[in-house]
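Colleague: Hi, could you walk me through this one? I'm new to reading structures.
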Amino acid sequence: MANDWRSFEPLLIPDIPNLEKIDVYEENGGYEALRKILNDRDKWSRENVTNEVKQANIRGRGGAGFNAGLKWSFMPKPDGGPRYLACNGDESEPGTFKDRKIFEFNPHLFIEGALIAAYAMTVDTIYVYIRGEYISWVDMLQEAVDDAYEKGYLGKDIMGKGIDIEMHLTYGAGAYICGEETSMLESLEGKRGYPRVKPPFPAQKGLWGRPTTINNIETLANVPLVINNGAEWFGNIGAEGHPGPVLYGISGHVNKPGVYELPSGVPVMDLINEVAGGMRGGKDLKALIPGGSSTPVLRADQLEGVTMNADSLRDAGSMMGTAGMVVMDEDTDMVDVLWRIAHFYHHESCGQCTPCRDGTGWLEKILLKIKNGEGEVKDLDLLLDLTTQMEGRTICALADAAAWPVRHTINRFRDEFEARCKKSVHAVA
Amino acid sequence: MAELSFTQEELDEIEKIKAKFPTDKAATLQVLWVAQRKYGHVEPDVQKLVADTLDLPAAHVHGVASFYTQYYKEEMGKFVLDVCTCLSCQLCGGYEILHHLEDELGIKAGETTDDGMFSIQEVECLGACGYAPMLQVTNGVYVNNLTEEKADELIQNLREGNLPEFESMQMPKLEKRNQAAS
């Protein structure tokens, strides 16, 4: 049950000093899930591992919320050629700053999870793609990977069990779009980060045309927990239908912003008022963006009884996204906020598809006009119309991610936007 | 101008990068990084060096270098201040920090000081939203929870050649509210 979050003990990043060191990780049961599997491969066949993870229903923590084990099961049967796992540590959605905590405080949990995923999918090469700005965290993870190689958890003949899995780290150079999974594959291949048309899906044709699965870092860090404790145990953590621990990133106008590990399904108001220490300066809450900048904003009066899990947020009119919660107080200018979000998506559009390349530009331009007090009420309807011309009409979801905040922020704060517009000529006369 | 080249040590590093991937093309981003660390930018002659080293078309390398924002397309100041003004930083005073730095250094975002010491850039979300406002120094260390005083201190330290140290932002501990009524 989600309401016992107050007694929850962190699982992804437990409060153990120096857990990032491989010795400390091992002393605390680290690499035991991998050992358990490799020691009893009849019980823990590749198929059984996949099924256990599928049953646990780890919903992808990168934003899409897709069942990780089910995703693994889409990989075709091995044909003797290379197969890849690409781990997505691009983490660029505004409001999101959680995966870096895993690199810093418990990197081996992620490495172990990635190894189990690789085993389950008969993958021999793992790539970890981290955003270029996170160079400090790339170095931290590299140290952990080097240690794992030295201890025989990575490389040839892992733990003497005849399995070979390599892990390579690489990093980007500044491009939000590379968090989109097929764009990340392009970037890994050394190209501009242009999303690919699907189908074919990466499981059929991914890196260098070979079967590839892409998982988020936090998603993979949950895997050893499932193997150690079972899918049923995992399913009992947090909210039904969206179980497990979640790294909530809370930012904006709260007293204690930061990343907090709690079960899924914590009431939004508890997260703001208790976990994050309440509103800064005793101000009133005005709005919340629950899961990164693309997830629709919710007004304070829409948050009653809402919990942080896919179903509850959908019913409230938003999405879970990355659980990067951006909290806004009563003084927040929603026109300014929306213009800034539109500026972000315009800047980050890769430029392949016209509805996105031009659409994000128009959204920003019109919002700037309104922000400067030069817009008219009919511009608001033009913006809403534009969103429908962008959504679903492009190769990837960046256009959708740009359109949703515009539509929902205008609809939910229409008065504020209208008040910023010029009066019509007739009204003035 | 003398022909640009990598040292043997750099070439060894590039070989290690290439060994990670089945194609040399895949090494493009990482070799551009090696080049930028050496030359401080990836102007066209540096791009050509990368292309020649990897035996790739110069157009491909140019395409990559121009797509990603962290590659400097021209020479920058000794210290590049990437000030985040995106969503959470905007809410917490990112623009105030940006404008303060612009005033202090007498340049606008996108410019470099005459002495070549500082460049300022306004950048998109750097993934430090809980520690807003913040900035990154020359694609390296993050400086979190900025105030005008902290920004001034940073400038002073950089002038003296001292880069800030990595600041570990811990997972905040929840207060145990065992007997609290709530």
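Modeller: Happy to! Helices (H or I, at least four residues) and strands (E, at least two) are DSSP runs, numbered from the N terminus. Chain A has 19 helices and nine strands. This is a predicted model, where local features need pLDDT of at least 70, side-chain atom pairs count only at pLDDT 80 or more, and totals for chains, interfaces and linings use all residues. Residues are numbered from 1 along each chain as its sequence is written, while chains are lettered from A and ligands numbered from 1 in the order in which they are written.

Colleague: Which domains does chain A have?

Modeller: Domain 1 (2–235), domain 2 (245–329) and domain 3 (334–421); such bounds come from an automatic or database domain assignment.

Colleague: And how far apart are the centres of domains 2 and 3 of chain A?
Modeller: They are separated by 23 Å, taken over C-alpha atoms. Seven residues of domain 2 of chain A are in contact with ten of domain 3 of chain A (contact: C-beta atoms, placed from the backbone, lie within 7 Å).

Colleague: New topic: how many residues of chain A are in contact with chain B?
Modeller: 55 residues of chain A, which meet 41 residues of chain B.

Colleague: Which element of chain A gives the most to that side?
Modeller: H14(A), with five residues.

Colleague: What percentage of chain A counts as buried?
Modeller: Of its 429 residues, 55% do. Buried takes 20 or more other C-beta atoms within 10 Å of a residue's own, with C-beta atoms placed from the backbone.

Terms used:
A residue is buried if 20 or more other C-beta atoms lie within 10 Å of its own, exposed if 12 or fewer, and partly exposed in between; C-beta atoms are placed from the backbone. Two residues are in contact if their C-beta atoms, placed from the backbone, lie within 7 Å.
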